[in-house]
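Please keep the sequence and the structure in view while reading.

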Amino acid sequence: MKPHIELKELIARHATQEGLQATPVPRLTLIRASQPTEPMHGVHKPSICIIAQGRKRVQACERVLEYGAGNHLIVSLDLPVLGHVIDATPEEPYLCLRLDLDLALLGTLVLEMNTPILQTAPSCKALGVAETPDALLQAAIRLVGLLDRPQDIPFLAPLIERELLYLLLRGEHAGLLHQMLTPNHRLQNVNRAINWIRTNFHRPFSIEILAAEARMSSSSLHEHFRAMTSMSPLQYQKQLRLQEARRLILTEAIDAATAGRKVGYDSPSQFSREYRRQFGAPPLSDVTRLRTRPGDLAEA
């Protein structure tokens, strides 16, 4: 059986529900969609996504990327994206695996490999798309295949994950991963700022405070933050606030005004206006629509 067909059948067998499905394998998530989804905003974790069937479109860093069966996406920092499944049917659903990147393991491998890694210069320094070689597919098959043998997961999953990350560090986007680990690399500085914003998004902040956290000057932080994410720190904060407010309204059944206050908005009218600009509809209409489309709700 060809590797991409074997991976497709494995994911189809274990991803029995629409949307994201956590697995007993650490950091591994399976994704299924039986119809195209509407464009949804979200923050993509540092991870690799390998598509086994269907296609997806992602907009990030002022670029629009399409990738499908035979491709994988690598994301190297917490990156706001606009993404949606564009090719999926009940008979041939969109099937994908996502493995969140273990930075400690990546760092260990880089030290052990002790070989120069080609530094790439992608248009966006936070993500890339490439064809999935057979060796990477085979490692992914073995990782998902452990779901058929749960007793083997604690012993074999770490070995297979190590192999998979090793293959990524030998691939065309090795430089994108390597820069995540280089001491004082600008991506690490920006990532410190991102982590601070994610923890304190509900609070106002000054660029000076954020620059000190990132160990950069204010001008350098603004320049490199935009280069990595295609947005300013304040725009990044606003996206996090709106996404958290959306989650609160969806999962905790609170009203829009309360959700807006919880994420840091003093003005209900400003919150409603910015929510509509971000998600294309006022909070009540948006949440009602999401609840009628399970696939979109899972992507949200």
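In this predicted model, helix 6 (residues 186-200) and helix 9 (residues 233-252) have axes that come within 10 Å and cross at roughly 40 degrees. Angles from 65 to 115 degrees count as roughly perpendicular and those under 35 as roughly parallel; the two helices are therefore oblique to each other. The crossing of helix 6 with helix 9 is right-handed. On the helix 6 side, the contact involves Ile194, Ile197 and Arg198, which meet Pro233, Tyr236, Gln237 and Leu240 of helix 9. Of the residues in this contact, five are nonpolar, one is polar and one is charged.

An unreviewed UniProt entry lists residues 191-289 as "domain: HTH araC/xylS-type". This span is 77% helix and 0% strand, and its end C-alpha atoms lie 34 Å apart.

The model also has a sheet. Strands of a sheet pair through backbone hydrogen bonds, either parallel or antiparallel. Here six strands form an open sheet in the order 1-2-9-4-7-10, with antiparallel pairing. Strand 1 (19-22) and strand 10 (127-131) are the edges, each pairing on one side only. From one strand to the next, the twist averages 20 degrees. Five bridges join strand 7 (residues 71-75) to strand 10 in the antiparallel sense, and Asn71 has Glu131 in strand 10 as its bridge partner.

| Helix | Strands touched | Angle |
|---|---|---|
| Helix 4 (residues 153-169) | strand 4, strand 7, strand 9 | about 95 degrees with strand 9 |

Technical notes
Residues are numbered from 1 along each chain as its sequence is written. This is a predicted model: local features need pLDDT of at least 70, side-chain atom pairs count only at pLDDT 80 or more; totals for chains, interfaces and linings use all residues. Side-chain values use heavy atoms; hydrogens and water are left out. Axes are lines fitted to C-alpha atoms, for helices over the stretch in contact, and angles run from 0 to 180 degrees between N-to-C directions. Helices (H or I, at least four residues) and strands (E, at least two) are DSSP runs, numbered from the N terminus. Angles under 35 degrees count as roughly parallel, over 145 as roughly antiparallel, 65 to 115 as roughly perpendicular and the rest as oblique. A crossing is left-handed if the near helix is turned anticlockwise from the far one by less than a right angle, and right-handed if clockwise. Contact means heavy atoms within 4.5 Å. Ala, Val, Leu, Ile, Met, Phe, Trp, Tyr, Cys and Pro count as nonpolar, Asp, Glu, Lys and Arg as charged, and the others, Gly among them, as polar. UniProt positions are given in the numbering used here, feature names are shortened, and annotations may be inferred rather than shown by experiment. Two strands pair if DSSP finds at least two bridges between them.
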